Amino acid sequence: MEINGANGKRSDDTVFMTEALIEARKAYDIKEVPIGCVIVQNGEIIARAANERVSQGNVLAHAEILAIGQACKKIGDWRLEDCTIYITIEPCPMCAGAIIQARIPIVVYGAKNPKAGCAGSILNILEEPRFNHKAQVTSGIMEEECAAIMKEFFQRFR
């Protein structure tokens, strides 16, 4: 991926965040909280998922957790050391922990999560220096679009 400027934004961040938003829309359409995620390796999407907590009746069925599971299966390893994860919303503590455990080095997310975000809003698990692994975080990619689908969902369904 090509880096554009000092802010760390890669030239195809918008392309992959658009794909994550497609996943978020799938969640929205089945009345799940609209969070989407894609995992990219060598410029190709190797995993994609939408939230499925309600559908699966499983608190662990966050988009990030599902996508990480798919990516591990696809490459045959629990270490995703050469991958980038794109998430429409700042990851929660569980998902941030899974990202660290999977050794994903680059995290790109759209909108902040002021109630549960652990990439800077409440905590910053992803860049915590005491862990044996840290991730480079880029936020605000397609932020308005990512925030808008969440706002629309909560106004309509909750």
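Start by selecting Glu 19, Glu 23, Lys 26 and Arg 48, which are joined in a network of salt bridges. Keep in mind as you go that this is a predicted model. The whole model holds 5 salt bridges, and the next stops visit some of them.

**Stop 1: along a helix**

Stay with Lys 26 and Glu 23 and show their side chains. They form a salt bridge, with the closest N and O atoms 3.0 Å apart. Now colour helix α1, residues 13–29: the two residues are 3 apart in this helix, so about one helical turn separates them.

Which of these two partners is buried, and which is partly exposed? Glu 23 is the buried one, because its relative accessibility is 4% and the cut-off for buried is under 20%. Lys 26 is partly exposed, with a relative accessible area of 43%.

**Stop 2**

**Stop 3: another pair**

Next, select Asp 77 and Arg 79. Here the side chains meet in a salt bridge of 3.4 Å, N to O. Asp 77 is partly exposed, with a relative accessible area of 29%, and Arg 79 is likewise partly exposed, at 34% relative accessibility.

**Stop 4: the largest pocket**

Finally, select Val 33, Ile 89, Asn 113, Met 150 and Phe 154. Of the 21 residues that line the largest pocket, these lie nearest its centre. The volume of this pocket is about 460 Å³.

What kinds of residue make up the lining? By class, there are 12 nonpolar, 3 polar and 6 charged residues.

Which helix gives the most to that lining? Colour residues 143–157 to see helix α5, which contributes 4 residues to the lining of the largest pocket.

To end the tour, show both places together: the salt-bridge network of Glu 19, Glu 23, Lys 26 and Arg 48, and the largest pocket with its 21 lining residues.

Note on methods. Residues numbered from 1 in each chain as written. Predicted model: local features only at pLDDT ≥ 70, side-chain atom pairs only at ≥ 80, totals over all residues. Heavy atoms only, no water. 1 Å grid on protein atoms, 1.4 Å probe; cavity = no way out; pocket = protein on both sides within 12 Å on 5 of 7 lines; lining within 4 Å. Points joined across faces, edges and corners; volume = space filled by probe spheres on them. Nonpolar A, V, L, I, M, F, W, Y, C, P; charged D, E, K, R; others polar. Salt bridge = Lys/Arg side-chain N within 4 Å of Asp/Glu carboxyl O. Buried < 20%, exposed > 50% of the residue type's maximum accessible area, 1.4 Å probe, protein only.
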